Amino acid sequence: MSGAAEPRGNPTPAALPQTGLLGRIAAIASAVGTAWILLMMVLVNADVIGRAALSAPIRGVPEFVGLSIVGIVFLQAGHALASGRFTRSDALLDQLVQRRPRVAAGLEAVHSLAGAAFFSILAWALWPRLLRAIEEGDYVGAAGDFTLPVWPIRVLMVAGSVMVIGIYLILAAAALRRVAGGRS
């Protein structure tokens, strides 16, 4: 079966363009995100048990969880994209791959470039917020009780966006090679 005739739905890792070092960094970031989820689960369960059994909640758990969810999403976004698991609808693309593989590759290139553009806008919009969070010491929580700084999560948001941009550009280049008739 040739690579150009395979439908894109749930691609195998071998069918995806190689993302090299950036893909490996994305996989490591995703693993960190997974470990963070496990930590969050332990902390939430300990908080629930502490509230119910001891009437002693763990301070800061809601703030930690709220920031964590955002950080985890940006840690795992690059790997989800690189492994073909980013949410999207492939119904039209699957049909095009079978009938018009170069048109499908062109549509893939447009999709990847649009994704890179979107995440570029996001990173550009997040950058001044990151700087402000560092300069002004933004935090969540209640002063005097429990606070968490916001800037580490903003760093993850910017870095995660940049990682996704890089992977989208790699995917766009692979799609453009298929448009030109080469293999990716």
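Residues are numbered from 1 along each chain as its sequence is written, and side-chain values use heavy atoms, with hydrogens and water left out.

Helix α4 covers residues 101–136 and helix α5 residues 151–179; they pack at about 160°, with axes 7 Å apart. Helices here are DSSP runs (H or I, at least four residues; strands are E, at least two), numbered from the N terminus. Axes are lines fitted to C-alpha atoms, for helices over the stretch in contact, and angles run from 0 to 180 degrees between N-to-C directions. The crossing of α4 and α5 is left-handed (the near helix is turned anticlockwise from the far one by less than a right angle; clockwise would be right-handed). Sorted by class, their contact has 25 nonpolar, 6 polar and 6 charged residues. Nonpolar takes in Ala, Val, Leu, Ile, Met, Phe, Trp, Tyr, Cys and Pro, charged means Asp, Glu, Lys and Arg, and the others, Gly among them, are polar.

Helix α1 (residues 20–54) packs on helix α2 (residues 61–82) at about 160°, with axes 8 Å apart, which makes α1 roughly antiparallel to α2. This crossing is left-handed too, and the contact has 16 nonpolar, 8 polar and 1 charged residues.

Helix α1 also meets α5, at about 140° and with axes 10 Å apart. Leu22, Ile25, Ala26, Ala29 and Trp36 of α1 touch Ile153, Leu156, Met163, Gly166, Ile167 and Ile170 of α5 (contact means heavy atoms within 4.5 Å). By class, that is 10 nonpolar, 1 polar and no charged residues.

An unreviewed UniProt entry lists residues 21–44, 64–82, 103–127 and 155–176 as "transmembrane region"; such annotations may be inferred rather than shown by experiment. Residues 21–44 are 100% helix, with end C-alpha atoms 34 Å apart. Residues 64–82 are likewise 100% helix, with ends 28 Å apart.

As for confidence, pLDDT (the predictor's confidence in each residue, from 0 to 100) averages 87 over the chain, and 90% of the residues score at least 70. Residues 1–8 stay under 50. Where pLDDT is low, predicted coordinates should not be read in detail.

Methods
Predicted model: local features only at pLDDT ≥ 70, side-chain atom pairs only at ≥ 80, totals over all residues. Parallel < 35°, antiparallel > 145°, perpendicular 65-115°, else oblique.
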